[in-house]
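Hi everyone, thanks for coming.

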Amino acid sequence: MQKTASHRIRTTPLAGHNLAREKPTSQGPEKPIISRHSPLLFIRGTESFADTPIFPAPIHPRHRPTATRGANPVNQTLKSWALETPPAETVYSRSSARPSAICYHSGGMEPYSIGVDLGGTNLRAAAVDEKGKVLERVSVPANFHAGPIHVVSEIVGAIAKVRDRLDPVLLRGVGIGVPGFIDIDTGVIIGSSNLPGFNDFPVRDEIQKHLGIPIILENDANAAALGEKWIGAGQNVKDLILLTLGTGIGGGVITDGKILHGSHGMAGEFGHMTVFPDGNPCGCGNNGCLEKHASATAIAAMGRMMHFGQEINSAEDVYNLALAGNERARWVFEYMGRALGIALASLINAFNFPLYLLTGGPLPAWDFFAPPMLAEVRKRSFTFARTATRIEKALLGGDAGLLGAAYLPFQQTMAREPVTH
Ligand SMILES: [Zn+2]
């Protein structure tokens with residue numbers, strides 16, 4: 001995923017980068033070199049990460065769907081793990097820290113904001129009140145490749161649809177999680193692989209012009225981290241880091257309750273941390289980036305190279321083999337866990353935060369990758385070994401970015417309000 005200046009879920013801007021573009025090595029095609037004894041797994045030749053369906057985002061068990069959604073080819077491939085939108089009445093509660101009971105909309109009596117998520121193939125918008133209760137939501141298939149004018153019109157339509165079901169006077173603002181690099185100050189998308197043609201397009205001002213309400217853009221991984229801080233796994237800490245495992249690996253840093261942007265808005269690009277100096281080439285120009293060794297895309301690519309004797313279309317296929325007891329499939333997750341552990345140890349050593357969260361499609365494979373991941377972190381981080389630092393699963397699944405985006409206007413309002421004692 002990308003960060004804005006910024007997915008900032010980032011589906012990293014590099015998500016879907018096609019390694020097939022990499023030059024073949026002089027050692028010739030294409031035979032992957034895999035050594036059980038090597039910390040590295042080289043992918044050469046024509047192996048492509050580009051079209052590997054990813055794991056869907058995990059879903060809270062209460063919201064686990066019984067059927068796949070129709071038009072999304074990725075979800076069709078993912079079968080029963082398909083990303084589904086929780087029902088409109090889903091409530092995320094600050095007090096329970098977990099999606100909880102049912103409460104349909106409030107009748108327009110409470111102030112609310114609208115969060116928008118542009119990830120995947122659907123455009124989602126949700127009205128959320130100040131306690132994190134989802135009042136209304138819409139999810140519509142969107143063609144994010146149709147150009148900014150068309151996409152902006154779809155975004156405006158989705159926001160208006162949600163707003164029109166409630167009292168527009170009580171709307172406090174709109175936050176939009178964008179899979180790309182964003183200039184936060186100007187509201188311009190600097191780069192997004194998911195939104196071609198948007199570069200330098202004044203998307204915030206265009207939407208604002210149509211709706212006449214304040215719009216805040218944010219990188220979607222940052223928004224997801226903020227959502228987890230607000231009403232997810234991180235609500236009891238001020239500082240946390242979220243890693244989103246998907247096509248690529250995105251990240252968000254929350255410090256003192258707020259998103260850390262960095263000087264160019266690009267903080268948190270943890271998918272491009274080097275975990276193996278001579279590891280797999282990455283579209284960013286580096287070798288051995290975390291996302292080339294631990295993303296859902298990387299899991300599937302490693303699975304294909306293991307020649308399991310069956311077609312591997314996704315990380316979920318590798319997971320199912322691991323579940324069935326296939327030792328080599330389990331090794332793929334062990335390898336992925338080591339890569340994550342190396343990255344997390346560095347993050348813990350650098351930040352000394354109390355909480356590090358993982359989210360994304362591969363989370364169901366936690367029991368396979370977490371033990372080697374935690375062993376690696378213990379080995380490489382004195383801080384982790386000697387403190388109560390936690391590495392845990394995030395709680396909000398695919399809704400984290402949507403909810404975090406909805407929180408942005410509330411947070412901005414709070415920042416403006418005078419502090420009273
Ligand atoms: Zn990279």
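**A helix under cover**

Let's begin with helix H4, which is mostly covered: twelve of its twelve residues are buried. Please keep in mind that this is a predicted model. The buried residues of H4 include Asp220, Leu226, Lys229 and Trp230. How far apart are the end C-alpha atoms of H4? They are 16 Å apart, and that agrees with the 16 Å that its twelve residues, 220-231, should span at 1.5 Å a residue.

Now to the sheet beside this helix. Five strands form an open sheet with mixed pairing, in the order S7-S6-S5-S8-S11. Strand S7 (134-141) and strand S11 (215-219) are the edge strands, and each of them pairs on one side only. From one strand to the next, the twist averages 15 degrees. Inside this sheet, strands S5 (residues 112-117) and S6 (residues 122-129) run antiparallel and are joined by six bridges.

Next, please move along to another sheet. This one is also open, with five strands in the order S14-S13-S12-S15-S16 and mixed pairing. Strand S12 (residues 240-245) runs antiparallel to strand S13 (residues 249-255), with six bridges joining them. Here you can find Ile241 opposite Val253 in S13.

Helix H8 (residues 327-351) lies across S12, strand S15 (355-360) and S16, and runs at about 145 degrees to S15. H8 also packs with helix H6 (residues 296-305): the angle is about 140 degrees and the axes are 10 Å apart. The two helices are therefore oblique to each other, and H6 passes H8 in a right-handed crossing. At this meeting point, Ile299, Met302 and Gly303 in H6 meet Ala329, Val332, Tyr335 and Met336 in H8.

One last stop is helix H7 (residues 315-323), which is mostly covered, with seven of its nine residues buried. Among them are Asp317, Tyr319 and Leu321. Gly325 follows H7 and has a positive phi, near 100 degrees.

Conventions:
Residues are numbered from 1 along each chain as its sequence is written. This is a predicted model: local features need pLDDT of at least 70, side-chain atom pairs count only at pLDDT 80 or more; totals for chains, interfaces and linings use all residues. Helices (H or I, at least four residues) and strands (E, at least two) are DSSP runs, numbered from the N terminus. The expected span of a helix is 1.5 Å times one less than its number of residues. A residue is buried if 20 or more other C-beta atoms lie within 10 Å of its own, exposed if 12 or fewer, and partly exposed in between; C-beta atoms are placed from the backbone. Two strands pair if DSSP finds at least two bridges between them. Two residues are in contact if their C-beta atoms, placed from the backbone, lie within 7 Å. Axes are lines fitted to C-alpha atoms, for helices over the stretch in contact, and angles run from 0 to 180 degrees between N-to-C directions. Angles under 35 degrees count as roughly parallel, over 145 as roughly antiparallel, 65 to 115 as roughly perpendicular and the rest as oblique. A crossing is left-handed if the near helix is turned anticlockwise from the far one by less than a right angle, and right-handed if clockwise.
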